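Open the model in your viewer and keep the selection tool ready.

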Amino acid sequence: FHHTPNCETPVSATDTAGCKDCSRQLINVKFFTLDSGDKVCLECYEQNHSARCHVCTKPILEGQSHVVKEWRFHKECFTCPLCEKHLAARKIKLHGADTVVCFNCSEPGGEA
């Protein structure tokens, strides 16, 4: 499971040092504290450290995401690719090596 840290915004120079990746000062700039304790700016976090959505490949930042196996999904991307219904409240099944579909679409001849 990949932990997504919370985004923080310091209020003064005494609150933080520079970004670990780019050395940018983190004064009144959104940043993330990594599990190692290092701080990185939002841009560096998105580029170098964030989990990626299995569907759209964009960074998953704050908030809830759905996890299936080792894959993470934005809430809005967690849909069946066959019927396009949201999968959060549905039974799901793996389809092939890397696709998640709703149980109804996984059945022979089935569509939700």
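Residues are sorted here by relative accessible area: buried means under 20%, exposed means over 50%, and partly exposed lies in between (1.4 Å probe, protein chains only). This is a predicted model, in which local features need pLDDT of at least 70 and side-chain atom pairs count only at pLDDT 80 or more, while totals for chains, interfaces and linings use all residues. Numbering starts from 1 along each chain as its sequence is written, and side-chain values use heavy atoms, with hydrogens and water left out.

**Whole chain**

Show the protein chain as a cartoon. It has 2 helices and 9 strands. These are DSSP runs numbered from the N terminus: helices are H or I with at least four residues, strands are E with at least two. The order along the sequence is β-β-β-α-β-β-β-β-β-β-α. Of the 112 residues, 31% count as buried.

**Salt bridges**

How many salt bridges does the rule give? The count is 2. The rule asks for a side-chain nitrogen of Lys or Arg within 4 Å of a carboxyl oxygen of Asp or Glu.

Select Lys 20 and Asp 21. Their closest N and O atoms are 3.5 Å apart. Lys 20 is partly exposed, at 47% relative accessible area. Asp 21 is partly exposed too, at 30%.

Now select Arg 24 and Glu 43. In this salt bridge the closest N and O atoms are 2.8 Å apart. Glu 43 lies in helix 1 (residues 42–49) and Arg 24 in the loop between strand 1 (7–8) and strand 2 (31–33), so the pair ties together parts 19 residues apart in sequence. Glu 43 is partly exposed at 40%, and Arg 24 is partly exposed at 36%.

**The hairpin**

Strand 6 (residues 65–68) and strand 7 (residues 71–74) run antiparallel, joined by 4 bridges. Two strands pair if DSSP finds at least two bridges between them. Find His 66: it stands opposite Phe 73 in strand 7. The two strands form a hairpin with 2 residues between them. Lys 69, in the turn, has a positive phi of about 55°.

**Leu 94**

Move to strand 8 (residues 92–95), where Leu 94 is found. Is Leu 94 buried or partly exposed? It counts as partly exposed, because its relative accessibility is 39%. Setting aside neighbours within four places in sequence, Leu 94 is in contact (heavy atoms within 4.5 Å) with Lys 69, Trp 71, Thr 99 and Val 100.

**The cores**

Select Val 68, Trp 71, Phe 73, Phe 78, Cys 80, Cys 83, Leu 87, Val 100, Val 101, Cys 102 and Cys 105. These 11 residues make up the largest nonpolar core. Such a core is a set of buried Ala, Val, Leu, Ile, Met, Phe, Trp, Tyr and Cys residues joined through side-chain atoms within 4.5 Å. Strand 7 and strand 9 (99–102) each supply at least two of its residues. Strand 9 gives the largest share, 3 residues.

Zoom in on Val 68. Beyond four places in sequence, Val 68 touches Phe 73, Phe 78, Ile 92 and Val 100.

Last stop: another core, of 10 residues, lies apart from the largest one. Select Phe 31, Cys 41, Cys 44 and Tyr 45, which are among its members.
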